[in-house]
Amino acid sequence: MQAADKQPETHAWRRGLEPKIGLSGKLLLLTIPLILIAEILIYVPSIANYRLNRLNDRLAAANTAALVLDASPSGRVPDSLAQQILDSIEARAVAIKMGQQRRLLASSNLPTKIDHVVDMRNVTPWGAILDSFVVMLESGNPAIRVVGPAEGNAEFIEVVIDAAPLRNAMYRFSSNLLLVSLTITSLTTGLIYLALHFLFVRPMRRLTANMVNFRRDPESPASIVVPGPRGDEIGLAERELSDMQRDLVSMLHQKSRLAALGLAVSKINHDLRNLLASSQLLSDQLSSVPDPRVQRFAPKLVRSLERAIAFCQSTLSYGRAQEAAPDRRSILIEPLVNDVRETAGLADEASITWVSAIERGLTIDADPDQLFRVLLNLVRNAAQALEGQPRNDANLQQIRITGRREGSVTVLEVSDTGPGVPQKARDHLFEAFHGSVRAGGSGLGLAIAAELVRAHGGEINLVEGTIGATFRISIPDRPVDLHSLRSERARA
């Protein structure tokens with residue numbers, strides 16, 4: 001019931017995280033202001049340059065008029081001609097300076113004051129931009145005195161003009177530039193948007209849609225994205241996503257098989273424990289039979305049944321997070337190895353030579369039942385590896401167990417003279433359902449052995465460069481708590 005309540009909340013939470021504006025809309029909103037900023041950066045110097053060109057044109061026309069006015073025989077021209085010259089250059093007055101003399105060549109309706117002075121000989125870019133916007137934002141018709149270089153021997157020439165015609169011309173230029181800019185901006189924005197849409201937005205939408213479909217059915221191979229031929233970051237993302245989805249599908253299938261296996265084992269375990277419990281009751285009755293052979297084998301049978309029942313209790317432990325914590329104590333290794341040999345059925349096996357090279361009195365700090373399981377799995381794997389090998393020479397079929405101390409570490413080695421472990425199995429040797437080296441094997445034996453050894457703080461490795469296969473187990477002793485040890489001795 002709680003899971004059903006949480007699912008709508010999860011979907012509502014996901015809907016709250018869905019973007020209100022898609023990637024295409026964000027791209028468009030980002031492109032438009034960037035283009036407008038670029039247009040502003042183009043317009044500002046353009047209008048300043050247009051104003052300077054207009055003023056330079058007035059100065060060039062004034063220089064031409066000055067040559068005409070200066071060439072008159074009497075040094076003066078009729079007022080009507082002077083007015084025509086001033087109208088042609090759109091000026092109110094023209095003056096020229098030669099040496100120490102400053103001469104007014106022509107004038108008409110001179111203003112009472114000069115509002116602005118522009119010296120074209122030392123104009124700075126920043127100053128030209130500021131003056132341009134001053135003229136455009138100013139109202140009325142102020143007078144502007146423009147000073148620039150003159151022709152011939154003159155030092156400079158001056159022109160007094162009205163600001164209104166210049167302002168109107170700048171407005172017309174701005175309107176034309178704005179119209180052209182909007183046209184170019186629209187085309188550029190459209191082309192950029194289409195290019196980015198096809199190069200990035202569509203592939204990202206495809207990846208997003210695939211992720212959504214894969215989340216709905218992660219176990220379906222049909223949901224795996226098919227990477228395209230692109231060699232850029234988008235293509236790399238598609239290939240990596242495809243590989244990740246394939247690995248995830250494989251892992252989910254494996255988890256499903258494990259779940260099915262766990263269910264099947266739990267069903268078998270329920271009935272098997274009952275059968276073993278009945279067998280244990282019968283074995284207890286055998287211990288009362290006075291036959292010497294029965295008395296000799298009955299304890300071993302009882303111990304085997306006890307281990308089998310314990311195995312049934314922990315059959316499902318591999319499906320949980322970890323095995324039960326080991327109940328460690330100091331035990332002799334040699335009797336445990338003999339039990340492993342008898343349980344594996346190798347005590348009477350004449351075709352396989354059993355060699356035990358364990359140091360006399362060697363002990364190990366470990367859980368006896370868990371260490372028994374580790375050694376039994378390794379010995380059975382070795383016996384199965386020797387199956388199918390030539391039986392004409394018993395020395396060629398050999399299982400060897402060695403044990404020694406290396407400081408505070410106990411080292412056990414289980415080796416055989418079989419064909420060895422193939423390279424394909426070595427890559428996943430201690431992984432469940434991957435490390436099997438024979439047909440029909442599950443690979444659980446080595447996985448369980450590795451888990452039990454790691455629970456003891458030890459290591460299990462495949463020794464390279466040996467005949468057949470050699471597995472080395474290293475289990476260190478537990479650290480000794482001196483305080484607890486002294487307390488126990490004091491109580492004793």
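Colleague: Let us begin with accessibility: is Glu413 buried or exposed?

Modeller: Burial is a matter of relative accessible area: buried means under 20%, exposed over 50%, and partly exposed in between, with a 1.4 Å probe and protein chains only. Glu413 has a relative accessibility of 14%, so Glu413 counts as buried. The model is predicted, so local features need pLDDT of at least 70 and side-chain atom pairs count only at pLDDT 80 or more, whereas totals for chains, interfaces and linings use all residues. Residues are numbered from 1 along each chain as its sequence is written, and side-chain values use heavy atoms, with hydrogens and water left out.

Colleague: What share of the chain counts as buried?

Modeller: Of its 492 residues, 33% count as buried.

Colleague: With which residue does the side chain of Glu413 form a salt bridge?

Modeller: Side chains of opposite charge can pair when their charged atoms come close. The criterion is a side-chain nitrogen of Lys or Arg within 4 Å of a carboxyl oxygen of Asp or Glu. The partner of Glu413 is Arg404, at 3.6 Å from N to O. Arg404 is partly exposed, at 26% relative accessible area. Both residues belong to a network of salt bridges that also includes Glu406 and Arg472.

Colleague: How many salt bridges are found in the whole structure?

Modeller: The search finds 14. One of them joins Asp115 and Lys113, at 3.8 Å from N to O. Asp115 is partly exposed, with a relative accessible area of 34%, while Lys113 is exposed, at 55%.

Colleague: Which residue pairs with Lys97?

Modeller: Lys97 pairs with Glu155, and their closest N and O atoms are 4.0 Å apart. This pair links distant parts of the chain, 58 residues apart: Lys97 lies in strand E1 (residues 93-98), and Glu155 in the loop between strand E4 (143-148) and strand E5 (156-162). Lys97 is partly exposed, with a relative accessible area of 22%, and Glu155 is partly exposed too, with 44%.

Colleague: How many helices and strands does the chain have?

Modeller: The elements are DSSP runs numbered from the N terminus: helices are H or I runs of at least four residues, and strands are E runs of at least two. The chain has 12 helices and 12 strands.

Colleague: Which residues does the UniProt record annotate as "transmembrane region"?

Modeller: The unreviewed UniProt entry gives residues 27-48 and 177-200. Positions are in the numbering used here, feature names are shortened, and annotations may be inferred rather than shown by experiment. In the model, residues 27-48 are 100% helix and 0% strand, with end C-alpha atoms 33 Å apart. Residues 177-200 are likewise 100% helix and 0% strand, and their end C-alpha atoms lie 33 Å apart.

Colleague: Where is Asn210 found, and with which residues is Asn210 in contact beyond its neighbours within four places in sequence?

Modeller: Contact means heavy atoms within 4.5 Å. Asn210 is in helix H5 and counts as buried, at 12% relative accessibility. Its contacts beyond those neighbours are Ser223, Ile224, Val225, Leu241 and Gln245. Val225 is 15 residues from Asn210 in sequence, and their C-alpha atoms are 6.3 Å apart in space. For the chain, residues 24 or more positions apart account for 69% of the contacts with a separation of 6 or more.

Colleague: How many cavities of 30 Å³ or more are found?

Modeller: On a 1 Å grid over the protein atoms alone, a cavity is a set of points where a 1.4 Å probe fits but cannot get out, and lining residues have an atom within 4 Å of a point. Grid points are joined across faces, edges and corners, and a volume is the space filled by probe spheres set on the points. There are two such cavities. The largest holds about 60 Å³ and is lined by Arg54, Leu55, Arg58, Glu90, Ile161, Asp162, Pro165 and Leu166. Helix H2 (23-70), E5 and helix H5 (163-216) each give two or more residues to this lining, and H2 has the largest share, three residues.

Colleague: Which residues line the second largest cavity?

Modeller: Leu371, Val374, Leu452, Val453, His456 and Ile475 line the second largest cavity, which has about 30 Å³ of space.

Colleague: What is the make-up by class of the lining of the largest cavity?

Modeller: Ala, Val, Leu, Ile, Met, Phe, Trp, Tyr, Cys and Pro count as nonpolar, Asp, Glu, Lys and Arg as charged, and the others, Gly among them, as polar. The lining of the largest cavity has four nonpolar, no polar and four charged residues.

Note on methods. On a 1 Å grid over the protein atoms alone, a cavity is a set of points where a 1.4 Å probe fits but cannot get out, and a pocket is an open set with protein on both sides within 12 Å along at least five of seven lines; lining residues have an atom within 4 Å of a point.
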